Amino acid sequence: MKEKIFYNLTNPQKSIWQTNEFYKGTSIENISGRAIILEKVDFKKFEKAINLFIKKNDSFRLKFVIDNNEVKQYVEDFSEFSFEKVLVSSEKQVKKLENKLSNYVFDTIDSYLFKYVLYEFPDGHGGFVVTMHHLISDAWTSGLIISEIIDLYDALRLNEEILDEKTPSYIEYIKSEKEYIDSDKFKKDKEFWNRLFE
């Protein structure tokens, strides 16, 4: 196992962390969504598609720790996940499942900050419900997440080659924010806004 590299929180993550601490023990920072496939689902391939998504997207493998009273984050190495699958018989049951998952309270310390549950109707069609902590995702990207997983599932189902292309890394965003904060441009921007709000 390789040594963990720890990173500071980004400015958006700091705000989210503070809100989460203020409302500790609640699901206030959860973002939820669901996908449905209106034909018989191969749930083994569906689960594999979700795993491929998690492997390709390091933000889903971010874990947070407290080090000397400071919050740090690191990317956990990928390992295969198994997801709970529930049988449902109505849209009402799916909504109930989605509501239950959206109220899930994450332990933000050294834990994964997402939860998937697969659901299947009696005729074999179905999908998944997902809830994610705002520290690793936002509402805009949740639509992209669902779309990417469906694309991966379609590729697996059709036995198409899945390219091992690099997806944008959250670590690159962390580094670019640090570069900006250490730059002359940041100093000038800070002076401008401080003058404006005097």
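Helices (H or I, at least four residues) and strands (E, at least two) are taken here as DSSP runs, numbered from the N terminus. The model is a predicted one, in which local features need pLDDT of at least 70 and side-chain atom pairs count only at pLDDT 80 or more, while totals for chains, interfaces and linings use all residues. Residues are numbered from 1 along each chain as its sequence is written, and side-chain values use heavy atoms, with hydrogens and water left out.

Read from the N terminus on, the elements of the protein follow the order β-α-β-α-β-β-β-α-β-β-α-α-α, giving six helices and seven strands. The C-alpha trace spans about 65 × 40 × 35 Å along its principal axes. Of the 198 residues, 43% are buried, a term that means under 20% relative accessible area, computed with a 1.4 Å probe on protein chains only. Among contacts (heavy atoms within 4.5 Å) between residues at least 6 apart in sequence, 76% join residues at least 24 apart.

Four strands form an open sheet in the order E2-E7-E6-E5, with mixed pairing, where two strands pair if DSSP finds at least two bridges between them. Strand E2 (30-40) and strand E5 (84-87) each have a single partner strand and stand at the edges, so one side of each is left without a neighbour in the sheet. From one strand to the next, the twist averages 20°; axes are lines fitted to C-alpha atoms, for helices over the stretch in contact, and angles run from 0 to 180 degrees between N-to-C directions. Strand E6 (residues 114-120) and strand E7 (residues 125-133) run antiparallel and are joined by seven bridges, and tyrosine 119 stands opposite glycine 127 in E7.

Two helices can then be placed against these strands. Helix H3 (residues 91-102) lies across E2, E5, E6 and E7, running at about 150° to E2, whereas H4 lies across E2, E6 and E7 and runs at about 30° to E2.

Helix H4 (residues 139-157) also packs with helix H2 (residues 43-56), at an angle of about 125° and with their axes 8 Å apart. That makes H2 oblique to H4, the class left once angles under 35 degrees are counted as roughly parallel, over 145 as roughly antiparallel and 65 to 115 as roughly perpendicular. Residues making the contact include Phe46, Ile50 and Phe53 of H2, and Ile149, Leu152 and Tyr153 of H4. By class, this contact has 11 nonpolar, no polar and five charged residues, with Ala, Val, Leu, Ile, Met, Phe, Trp, Tyr, Cys and Pro counted as nonpolar, Asp, Glu, Lys and Arg as charged, and the others, Gly among them, as polar.

Definitions and conventions: Buried means under 20% relative accessible area, exposed over 50%, partly exposed in between (1.4 Å probe, protein chains only).
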